[in-house]
Amino acid sequence: MVELKLQVEYCCYASTTELPLEYVALLDCAKKALAKSYSPYSGFKVGAAILLEDGTLVQGANQENASYPLCLCAERNALAVANIQHPQQKIKAMAVVAEKDDIFVSPCGACRQVIWENEQRNQTPILMLIQGPQGSVYSFTSIGDLLPFGFSGADLL
Ligand code: THU
């Protein structure tokens, strides 16, 4: 038996003032997307924004349903818009925020898997910017850092 350890490198910015301007704009875009959240059941508004390689910004927000399992997450809605409206553009980065601003907004497992699929599809890392508590922001250089041992199409071959 060999015991192995997994290490994840990530950055924590105390505030957005420490971030490059294009990421400040991406986070602002995700915050603006909160207004498009339809979340009458959980009351938990999530906003997402995607930065494409040509600089285009795309928004997503969670959309809930009285039939709870049909609720759609902000991240996957943003990915659907990016893939359908801008199919030629690779995704550079994604920001995820919540209206509740005192928490780390952890993307759910299903969203991590779908973001991973997009990263594999484009063969380009997707930088993840995630809202942390007290105005902080966390960044991960690839969704793979949030989904170690992720399942991909290559596993089906
Ligand atoms: N939600 C997201 O939009 N993204 C996530 O990664 C986690 C959860 C939404 C789904 C639901 O509308 C609400 O948050 C509560 O789970």
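**Helix α1 and the fold around it**

Me: What span does helix α1 reach from its first C-alpha to its last?
Reply: In this predicted model, α1 covers residues 21-33, 13 residues in total. The expected span is 1.5 Å times one less than the number of residues, and for α1 this is 18 Å. The helix comes close to that expectation, reaching 18 Å.

Residues are numbered from 1 along each chain as its sequence is written, and side-chain values use heavy atoms, without hydrogens and water. Local features need pLDDT of at least 70 and side-chain atom pairs 80 or more, whereas totals for chains, interfaces and linings use all residues.

Me: Which residues of α1 are buried?
Reply: Buried means under 20% relative accessible area (1.4 Å probe, protein chains only). An α-helix has 3.6 residues a turn, so residues three or four places apart point the same way. In α1 the buried residues are Tyr23, Val24, Leu26, Leu27, Cys29, Ala30 and Ala33.

Me: Which elements do the buried residues of α1 pack against?
Reply: Contact means heavy atoms within 4.5 Å. Elements are DSSP runs numbered from the N terminus: helices are H or I of at least four residues, strands E of at least two. The partners of the buried α1 residues are β2 (46-52), β3 (57-61), β4 (91-98), β5 (127-131) and β6 (137-140).

Me: In what order do the elements of the protein run?
Reply: The protein has 3 helices and 6 strands. From the N terminus on, their order is β-α-β-β-α-β-α-β-β.

Me: What share of the residues of the protein counts as buried?
Reply: The protein has 157 residues. Of these, the buried share is 41%.

Notes: Buried < 20%, exposed > 50% of the residue type's maximum accessible area, 1.4 Å probe, protein only.
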